[in-house]
Amino acid sequence: MALSEAVPKEATARAFKKLMAQPANRVCFDCPQRKPIWASATFGVFICLDCAGDQRRLGTHVTFVRSCDMDSWTRGQLEAMKRGGNGRAARNAEARVVLYADRITGSMQRAMDETDRRRAKQMAY
């Protein structure tokens, strides 16, 4: 079975029913709207209609947005949704924010240390 092979509508509906039953997937990933019926196949997250419009405006090179019930899905896209989910995506995003914040804090500390060294040299002369 190729990942680009289309999945029958019935199988897609069953898969999405199961995925959308998970608590984290019952709320839009981008906003607090309940019962999202759209998804980003790129990121494996469920989103509401308004956020789907916003993401579609970004372009398919950034995120590929599909309706959970109206559009056809390929096996690869459906597998991405099964591997993803709003809960996993949120944990991943949070981990990246913490890592980025640690990098910024470290960079700022190094910059402050360097500034302190320069000031100490200037005061010595």
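Which side chains meet in a salt bridge at 3.8 Å, N to O? Those of Glu-79 and Lys-82 do, a salt bridge being a side-chain nitrogen of Lys or Arg within 4 Å of a carboxyl oxygen of Asp or Glu. Because Glu-79 and Lys-82 are three residues apart in helix H3, about one helical turn separates them.

The model is predicted: local features need pLDDT of at least 70 and side-chain atom pairs pLDDT 80 or more, while totals for chains, interfaces and linings use all residues. Residues are numbered from 1 along each chain as its sequence is written, and side-chain values use heavy atoms, without hydrogens and water.

**Salt bridges**

By the rule above, the count is four salt bridges. Three of them are listed here.

| Pair | Closest N and O atoms |
|---|---|
| Glu-5 and Arg-75 | 3.6 Å |
| Asp-71 and Arg-56 | 3.9 Å |

Glu-5 is partly exposed at 33% relative accessible area, and Arg-75 is partly exposed at 22% (buried is under 20%, exposed over 50%, partly exposed in between, with a 1.4 Å probe and protein chains only). Helices (H or I, at least four residues) and strands (E, at least two) are DSSP runs numbered from the N terminus.

**Nonpolar core**

A nonpolar core is a set of buried Ala, Val, Leu, Ile, Met, Phe, Trp, Tyr and Cys residues joined through side-chain atoms within 4.5 Å. The largest has 11 residues, among them Val-7, Phe-16, Leu-19, Trp-73 and Met-81. Helices H1 (9–20) and H3 (75–83) each give two or more residues to this core, and H1 has the largest share, with three. Leaving aside residues up to four places away in sequence, Trp-73 touches residues including Glu-5, Val-7, Phe-16, Cys-68 and Met-81 (contact means heavy atoms within 4.5 Å).

**Largest pocket**

The lining of the largest pocket has 11 residues, and Phe-29, Phe-43, Val-45, Ala-89 and Ala-93 lie nearest its centre. On a 1 Å grid over the protein atoms alone, a pocket is an open set of points where a 1.4 Å probe fits, with protein on both sides within 12 Å along at least five of seven lines; lining residues have an atom within 4 Å of a point. H4 supplies the largest share of the lining, four residues.
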